[in-house]
Amino acid sequence: MSINQDLLLEFGRLALVYVHLIACCIALGLVLTSDVAMLRALLQDDPSSRRKKAQNLHELQKVVYFALVALWATGAAIVTLDALVKGGWGYFANPKIQAKILVVFLLTVNGVLLHSVVLPWMEKAGSLLNLSFRQTIISVVAGVISGVSWLYAAFMGVGRPLAWKYSLVELMAAWPMLVMGGFTGMLLLVTWCKYRNEEGSPAHFGSLAGARA
């Protein structure tokens with residue numbers, strides 16, 4: 001391979017990595033921003049604010065969807081190029097590559113669930129607090145998996161020192177623990193917010209007045 005071909009290959013790969021990084025930053029930033037906004041809306045005890053945040057989720061998910069498509073396209077191109085240059089199918093034996101592909105796959109499946117099931121629920125109910133118990137559980141699980149997986153995928157993307165040092169099981173060990181911890185924390189927060197709203201509702205005050213009378 002000539003010097004010009006080497007240079008072209010190197011710059012082509014660098015361009016793919018650059019677009020891949022930009023797409024990841026956009027998606028991760030939007031996911032974290034929407035999560036923080038939803039948490040603030042829950043804590044503010046403002047129904048109109050919660051409804052507005054729920055309506056904005058659809059627009060955010062559109063951008064995240066296109067960013068995810070860009071991630072898949074550029075990621076597939078990068079690993080294919082690296083496999084061709086660095087030894088064919090043996091390249092995919094790297095547990096870090098396997099972990100990143102697995103996390104992005106989980107992220108994609110979860111994204112389909114969010115887009116097709118959770119978002120319609122949220123748009124109809126106007127708030128996470130207005131969902132049924134089953135819908136709340138599914139929505140919280142999907143939301144936590146989304147946040148954890150985006151952060152985990154980004155970590156795997158920059159974790160080059162982890163390559164070939166740990167098995168796939170070891171690299172993925174923290175993922176379920178983070179999901180369980182996030183789910184427990186979010187469920188407790190949503191439960192508390194629902195209890196707070198019920199205490200402050202007119203029906204609650206009416207029942208207290210009747211009891212005192």
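Read along the sequence, this protein runs α-α-α-α-α-α-α. That is seven helices and zero strands, where helices (H or I, at least four residues) and strands (E, at least two) are DSSP runs numbered from the N terminus. The model is predicted, so local features need pLDDT of at least 70 and side-chain atom pairs count only at pLDDT 80 or more, while totals for chains, interfaces and linings use all residues. Residues are numbered from 1 along each chain as its sequence is written, and side-chain values use heavy atoms, with hydrogens and water left out.

Burial to begin with. Of the 213 residues, 35% count as buried. Buried means under 20% relative accessible area, exposed over 50%, and partly exposed in between, with a 1.4 Å probe and protein chains only.

Now the salt bridge, meaning a side-chain nitrogen of Lys or Arg within 4 Å of a carboxyl oxygen of Asp or Glu. The structure holds one. Which residues form the salt bridge? Arg-13 pairs with Asp-82, and their closest N and O atoms are 2.7 Å apart. The pair links distant parts of the chain, with Arg-13 in helix 1 and Asp-82 in helix 2, 69 residues apart. Side chains of opposite charge can pair when their charged atoms come close. Arg-13 is partly exposed at 21% relative accessibility, whereas Asp-82 is buried at 4%.

There is a further contact to show. The C-alpha atoms of Leu-30 and Val-64 are separated by 7.2 Å, and these residues are 34 apart along the chain. Leu-30 sits in helix 1 and is partly exposed, with a relative accessible area of 22%.

Next, the surface. Tyr-18, Val-19, Ile-22, Ile-26 and Val-63 make a nonpolar patch of about 430 Å². For the terms: patches are made of residues with over 30% relative accessible area and no salt bridge, with like charges joined within 9 Å and nonpolar side chains (Val, Leu, Ile, Met, Phe, Trp, Tyr) within 5 Å. Accessible areas come from the Shrake-Rupley method with a 1.4 Å probe, and for residues only the protein chains shown count as cover. Helix 1, residues 3–44, gives the most to this patch, with four residues. Val-63 lies in helix 2, residues 47–86, and is partly exposed at 38%.

Last, the largest pocket. About 940 Å³ of space lies in it. A pocket here is an open set of points on a 1 Å grid over the protein atoms alone, where a 1.4 Å probe fits, with protein on both sides within 12 Å along at least five of seven lines; lining residues have an atom within 4 Å of a point. Grid points are joined across faces, edges and corners, and the volume is the space filled by probe spheres set on the points. The lining has 33 residues, of which His-20, Ile-78, Lys-96, Lys-100 and Gly-157 lie nearest the centre. Helix 1, helix 2, helix 3 (95–125) and helix 4 (133–158) are the elements that give two or more residues to this lining. Which element gives the most to the lining? Helix 2, with nine residues.
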